[in-house]
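Have the model open as you read, and take the points in order.

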Amino acid sequence: MNLDAAMRAAIEQADRVKGRTYPNPPVGAVILDRDGEVAGVGATAPAGGPHAEVLALRRAGGRAAGGTAVVTLEPCNHFGRTPPCVDALVEAGISAVAYGVPDPNPEAAGGAARLAAAGVDVTAGVLSDAVAGGPLREWLHKQRTGMPHVTWKFATSVDGRSAAADGTSQWITSETARADVHRRRAAADAIVVGTGTVFVDDPKLTARLPDGSLADRQPLRVVVGEREISPDAKILNDDSRTMVIRTRDPHEVIKALSDRTDVLLEGGPTLAGAFLRVGAIDRILAYVAPILLGGPITAVDDVGVLSIAHAQKWRFDGMEPLGPDVLLSLKPA
């Protein structure tokens, strides 16, 4: 297996634990033996548990000696709840380490230099774009900015409608697309909606498995707005915790969620427009169904654009078919 293929496998490992490692990043690791065969894989355990490299080394056993470790994030170089991963790699006799992106945390950085000083051959930047845009995306953003990464997620017809003229919206997208939404909810730290969505749709905002049961991990449910919501609203049930924030200011919402990393914005067109107007969205995930609805109910309201010359500019960074639908991923240009 070459380094690119091994890194893709490491990204897959990281994706499986996304949302379960806070405050540590979701990292994936693959150990290749001397012959380039996979000897062990691992991903970050919940806080206090072993890091990805350590788990992969344990599974590789003696085959790690003289082999190559492929890791999505530069191996850590500090004592936290666990010892430095660089020590484990050196002690296992690893001869080469390849990683995707450097660790932006100054306390943990320096692993590459430590490894090189110990005689380990180090390769940086392997599939760096794929790594930075994968399970580490939100954590890297939090490290850079100190604030949570906000993704606006919505479902729409191909003509940009979020509901039919009579207000019905279940279901615009397919079961396959909805399953993907629930997978992302289960990995997120919080889901934000406005009071309008609570009044109109009365959502539970839970992460559910394909059989309809609740996922093991549930995000914090957040209701934003100045109106009171009914104490009988489903969003206040016992399926998960709920926070009500009495404001219409997106910056105040983000500040209130500053201890979180991955925030999904799932509100209606008014809330989405408010966040877009102030530049408070870091990623757009659009689930687009091949249907036409027409009518007045659009996916987003006013975003502060008065002419085409002032259009908000985004660029695609991913496109994925989901059954009959397509998922578009965009980030600011």
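This is a predicted model: local features need pLDDT of at least 70, side-chain atom pairs count only at pLDDT 80 or more; totals for chains, interfaces and linings use all residues.

1. Not counting residues up to four places away in sequence, Cys-76 touches His-51, Glu-53, Pro-84, Cys-85, Val-86 and Ala-108. You'll find Cys-76 in the loop between strand E3 (68–73) and helix H3 (85–91). Its relative accessibility is 6%, so Cys-76 counts as buried, the cut-off being under 20%.

2. Is His-51 buried or exposed? With a relative accessible area of 17%, it is buried. Leaving aside neighbours within four places in sequence, His-51 is in contact with Asn-24, Thr-44, Cys-76, Thr-82 and Cys-85.

3. There is also a record to set beside these contacts. An unreviewed UniProt entry carries the annotation "binding site" for His-51, Cys-76 and Cys-85. These residues are spread over 35 residues of sequence, yet they cluster in space, with a largest C-alpha distance of 9.2 Å. Bear in mind that such annotations may be inferred rather than shown by experiment.

4. Now for the sheet. It is an open one of 5 strands, in the order E2-E1-E3-E4-E5, and the pairing is mixed. Which strands stand at the edges? They are E2 and strand E5 (121–124); each has a single partner strand, so one side of each is left without a neighbour in the sheet. From one strand to the next, the twist averages 15 degrees.

5. Strand E1 (residues 28–32) and E3 run antiparallel and are joined by 4 bridges.

6. Thr-72 is another residue worth a click, and its place is in strand E3. Thr-72 has a relative accessible area of 2%, so it is buried. Its contacts, leaving aside neighbours within four places in sequence, include Met-7, Ala-10 and Ile-11. Val-27, Gly-28, Tyr-99, Gly-100 and Val-101 are also among them, as are Val-131 and Leu-136.

7. On to the pockets. How much space lies in the largest pocket? About 1400 Å³. The lining of this pocket is made up of 45 residues, and Thr-197, Asp-201, Glu-266, Gly-267 and Gly-268 lie nearest its centre. Several elements each supply at least two residues of the lining, among them strand E6 (149–157), helix H7 (175–187) and strand E7 (190–194).

8. Last, have a look at Pro-332, which is found in strand E13 (residues 325–332). Pro-332 is partly exposed, with a relative accessible area of 42%. Pro-332 and Trp-314 are 18 residues apart in sequence, but their C-alpha atoms are 4.4 Å apart in space. Leaving aside neighbours within four places in sequence, Pro-332 is in contact with Ile-281, Asp-282, Lys-313 and Trp-314.

Note on methods
Residues are numbered from 1 along each chain as its sequence is written. Side-chain values use heavy atoms; hydrogens and water are left out. Buried means under 20% relative accessible area, exposed over 50%, partly exposed in between (1.4 Å probe, protein chains only). Contact means heavy atoms within 4.5 Å. Two strands pair if DSSP finds at least two bridges between them. Axes are lines fitted to C-alpha atoms, for helices over the stretch in contact, and angles run from 0 to 180 degrees between N-to-C directions. On a 1 Å grid over the protein atoms alone, a cavity is a set of points where a 1.4 Å probe fits but cannot get out, and a pocket is an open set with protein on both sides within 12 Å along at least five of seven lines; lining residues have an atom within 4 Å of a point. Grid points are joined across faces, edges and corners, and a volume is the space filled by probe spheres set on the points.
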